[in-house]
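Hi,

Here is the structure I promised to pass on. Have a look first, and my notes on the side-chain contacts follow below.

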Amino acid sequence: MWGLDSAKFETVGAIPGGGASIKPFMSPNQLLILFFFFFISASRSILQSPTIPQFPCNSPQYNQYPFCNTSLSIATRAKSLISLLTLQEKIQQLSNNASAIPRLGIPAYEWWSESLHGIATNGPGINFNGTMPSATSFPQVIVTAASFNKTLWSKIGSAIATEARAMYNYGQAGLTFWAPTVNLFRDPRWGRGQESPGEDPMLVSAYAIEYVKSFQSGKWDGEGGDDGFVFGEKRALKGEGDETDDDEGLMLSACCKHLIAYDLEKWKNFSRYSFNAVVTEQDMQDSYEPPFRACVEQGKASCLMCSYNQVNGVPACLREDLFQKARDKWGFKGYITSDCDAVATIYFYQNYSKSPEDSAADTLKAGMDINCGTSMLRYTQPAIDEGKVREEEIDRALFNLFSVQLRIGLFNGNPRKGRFGKLGAKDVCTSKHKTLALEAARQGIVLLKNDKKFLPLNKNDVSSLAIIGPLANNISQMGGGYTGTSQ
């Protein structure tokens with residue numbers, strides 16, 4: 001071991017009782033130098049080998065807590081965990097970067113990961129610095145949706161989920177992803193139309209259902225074999241796929257965003273932080289609500305994200321009526337997050353609340369569960385001290401948060417020993433996933449007009465082509481927004 005066979009030895013005499021004595025053919029200093037190099041080599045090997053990240057309920061020191069007991073119901077486990085926390089520990093869980101709870105063996109958790117059309121670098125929950133330096137990038141959603149192929153959408157969701165779970169197993173991703181975008185794309189001045197399936201509520205709803213169901217359900221064959229990628233199938237928008245009533249176990253969590261009537265970033269004197277979307281009740285029910293309703297009722301989404309803008313004068317993250325409709329009428333079972341710093345905008349940009357403490361308190365009381373940003377960390381304790389919000393309302397939010405984390409197996413110990421434990425680098429950027437991405441591009445390309453059969457070009461008549469525009473030679477931007485690193 002450790003290369004000692006390279007040293008030279010000399011037999012010099014007999015040892016009483018049989019055998020020969022071994023005299024090293026090297027001086028003590030030479031042996032010391034050799035041992036030093038062996039030590040450095042071994043240390044490098046250990047450091048370069050994949051390490052198992054820290055996961056909750058993985059150590060015998062902590063896995064005896066009831067919230068680690070997989071034989072108990074999700075609700076029982078969630079309530080048990082909440083009962084063990086101090087008020088400060090509870091508040092520290094209300095941010096996307098949830099703090100560690102060392103005394104319970106719970107490491108920090110980053111809720112924010114992105115997977116719009118592949119694992120993206122946008123979310124801080126993702127890193128490509130480990131054994132998986134890249135992920136499959138699929139076409140932007142506006143392209144894929146133009147295929148009108150539900151089977152294709154479902155397969156893409158499953159492929160992205162497989163790569164996401166594989167990356168989680170090796171500490172390179174979280175389990176909660178903030179996709180898909182299901183806002184309607186009806187005005188090109190938005191600037192983010194590439195993220196949306198399009199302008200039609202039926203199309204956007206159908207896409208949302210397929211993506212969310214396949215992403216969350218864990219339709220992975222478990223052995224890395226043929227997972228049913230068959231191309232050239234008939235396009236079909238009509239009809240429903242396999243329904244699932246599994247409200248307990250999830251492979252991952254998908255989040256439908258941005259709730260609601262959100263389609264402006266910055267235009268003239270308007271910005272997404274202060275824009276007030278004036279929407280009639282008919283437009284709300286005919287156009288803006290259906291994609292989110294479909295996400296929840298048929299897709300079984302486990303997360304909704306409220307947007308920056310106001311809707312008819314009320315900040316979206318304060319729309320208690322809409323949150324309650326989602327839970328009571330649509331059957332939503334999950335958590336509601338703000339868009340990043342949306343809680344802060346209620347006071348600092350919109351001047352809707354009287355203080356930042358009011359913003360923190362009012363969003364919690366409206367039914368929002370977690371803030372992407374730091375407002376809840378800064379202002380929840382003062383809001384409690386001022387009597388603006390009660391600890392019981394924090395407990396309600398934590399129940400929704402922990403319930404989702406428990407459903408995705410975050411508190412089931414080492415994920416490599418679980419249902420999806422075999423997923424790893426071999427399941428990321430596979431030839432099947434790359435072929436699927438190519439097929440999606442082919443099916444989604446739309447030729448709007450072809451007068452006089454201008455296309456395809458005759459290669460015998462055209463000797464060269466020029467690609468002109470700000471992205472013509474910018475490879476890093478060609479994938480569009482929410483893109484990861486690809487091979």
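Let me start with Tyr273, which is partly exposed at a relative accessible area of 23% (buried means under 20% relative accessible area, exposed over 50%, partly exposed in between, with a 1.4 Å probe and protein chains only). Before I go on, this is a predicted model, so local features need pLDDT of at least 70 and side-chain atom pairs count only at pLDDT 80 or more, while totals for chains, interfaces and linings use all residues. Residues are numbered from 1 along each chain as its sequence is written, and side-chain values use heavy atoms, with hydrogens and water left out.

Aromatic rings

Rings of Phe, Tyr and Trp (its six-membered ring) count as a pair if their centres lie within 6.5 Å; planes under 30 degrees apart are called stacked, over 60 edge-to-face and the rest tilted. The count by this rule is 17 aromatic pairs. One of them is Trp153 with Tyr207, an edge-to-face pair at 5.4 Å centre to centre and 65 degrees between the planes. Trp153 belongs to helix 5 (residues 150-169) and Tyr207 to helix 6 (residues 201-217), so this pair links distant parts of the chain, 54 residues apart (helices are DSSP runs of H or I with at least four residues, strands are runs of E with at least two, and both are numbered from the N terminus). Trp153 is buried at 1% relative accessibility, and Tyr207 is buried too, at 4%.

Back to Tyr273: its ring and that of Tyr308 have centres 4.9 Å apart and planes at 75 degrees, so this pair is edge-to-face. Tyr273 sits in the loop between strand 8 (270-271) and strand 9 (276-277), and Tyr308 in the loop between strand 10 (303-306) and strand 11 (310-311), so the contact ties together parts 35 residues apart in sequence. Tyr308 is buried, with a relative accessible area of 4%. Both tyrosines also belong to one aromatic cluster, made up of Phe185, Trp190, Tyr262, Tyr273, Tyr308 and Tyr349.

Salt bridges

How many salt bridges does a search of the whole structure find? There are 21, taking a salt bridge as a side-chain nitrogen of Lys or Arg within 4 Å of a carboxyl oxygen of Asp or Glu. Asp395 and Lys90 form one of them, at 2.8 Å from N to O. That bridge links distant parts of the chain, with Asp395 in helix 13 (residues 391-407) and Lys90 in helix 3 (residues 87-91), 305 residues apart. Asp395 is partly exposed at 22% relative accessibility, whereas Lys90 is buried at 5%.

Helix 13 also holds Arg396, which bridges to Asp369 with the closest N and O atoms 2.7 Å apart. Asp369 lies in the loop between helix 11 (356-366) and helix 12 (375-385), 27 residues away from Arg396. Asp369 is buried, with a relative accessible area of 0%, and Arg396 is partly exposed at 29%.

There is a network as well: salt bridges that share partners join Arg192, Glu195, Glu265 and Arg272. Within it, the side chains of Glu265 and Arg272 meet at 3.1 Å, N to O, and Glu265 is buried at 17% relative accessibility.

Charges over rings

Finally, the charged end of Arg189 sits over the ring of Trp267, 4.3 Å from its centre, and that of Arg416 sits over the ring of Tyr170, 3.8 Å from its centre. The rule here is NZ of Lys or CZ of Arg within 6 Å of the ring centre and within 35 degrees of the ring normal.

Cheers
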